[in-house]
Amino acid sequence: MKKFIILLFSLLSVIGVSYLLLFIISSIYSPQADHVPFLNDNRVISPTIESYRPLFQKYAEANGIGQYTDLLMALAMQESKGKSPDIMQASESLGLPRNTINSPEASIKAGTSYFKKVMERSGGNVRLALQSYNFGIGFTDYVRQHGGRFTAALAVKFSERKAKELGWGSYGDPYYVDHVMRYYNNEKLKQALTKKN
């Protein structure tokens, strides 16, 4: 029995080491490896969005939220990945039909201004501001009426309620905060790994 346990443990160790080596090799040679070594995740700021960094910085600073430049870029990644002229999907924040804005700069200007409004309305709570960017500024009031603290469960509940009210199949993205933060955190990791190399 003891020999069997030793054999089983040895076999599991070999499998574990083999899996780790395969993971490292696939990470090194994957298409995303240039972007995020060892992370193997392409959810980082795209070259298209990165090319607009000066505009994100300009309008973030003009709105007094320069410290959120990278977050705004992550938000744009979630909204359009840079594949639409309205890269921040900001038309609706101006009361216009979706994708009315046909200039990336106009989109960044409007989206950044709207993000500042939701940040102020949320009292500086970044997670609440991000979700309100997606749902609309009224979500902040909904959170205040339901305990005053943003939670993912409240986002789901609000989304379901609004979809039912409007007769839609769905309303917004109740997991928007996590989706934006995935881009943001992966980008920060990429930047940190780039500095080390």
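Predicted model: local features only at pLDDT ≥ 70, side-chain atom pairs only at ≥ 80, totals over all residues.

**Helix crossing**

I started with the helices and found that α6 passes α9 in a right-handed crossing. Handedness here goes by the near helix: turned clockwise from the far one by less than a right angle is right-handed, anticlockwise is left-handed. Helices are DSSP runs (H or I, at least four residues), numbered from the N terminus.

Residues are numbered from 1 along each chain as its sequence is written, and side-chain values use heavy atoms, with hydrogens and water left out.

Next I looked up the axes: those of α6 and α9 come within 9 Å and cross at roughly 110°. That makes α6 roughly perpendicular to α9, a label for angles of 65 to 115 degrees. The axes are lines fitted to C-alpha atoms over the stretch in contact, and the angles run from 0 to 180 degrees between N-to-C directions.

**Largest pocket**

How much space lies in the largest pocket? I got about 500 Å³, a volume being the space filled by probe spheres set on grid points, joined across faces, edges and corners. A pocket is an open set of points on a 1 Å grid over the protein atoms alone, where a 1.4 Å probe fits, with protein on both sides within 12 Å along at least five of seven lines; lining residues have an atom within 4 Å of a point.

I listed 17 lining residues, with Gln 89, Glu 92, Tyr 133, Asn 134 and Phe 135 nearest the centre. α4 (69–79) and α6 (126–135) each supply at least two residues of the lining, and α6 gives the most, with three. By type, I noted seven nonpolar, six polar and four charged.

**Single residues**

Gln 89, back again from the pocket list, sits in the loop between α4 and α5 (104–121). Its phi is positive, about 45°, although it is not a glycine. Is Gln 89 buried or exposed? At 13% relative accessibility, I put it down as buried (under 20% relative accessible area, 1.4 Å probe, protein chains only).

Asn 99 is in the loop between α4 and α5 and has a positive phi of about 60°, again without being a glycine. I have Asn 99 as partly exposed, at 41%.

Last entry: Lys 188, in α9 (residues 176–196), is partly exposed at 31%. Its C-alpha is 9.7 Å from that of Ile 45, 143 residues apart along the chain.

Notes: Nonpolar A, V, L, I, M, F, W, Y, C, P; charged D, E, K, R; others polar. Buried < 20%, exposed > 50% of the residue type's maximum accessible area, 1.4 Å probe, protein only. Parallel < 35°, antiparallel > 145°, perpendicular 65-115°, else oblique.
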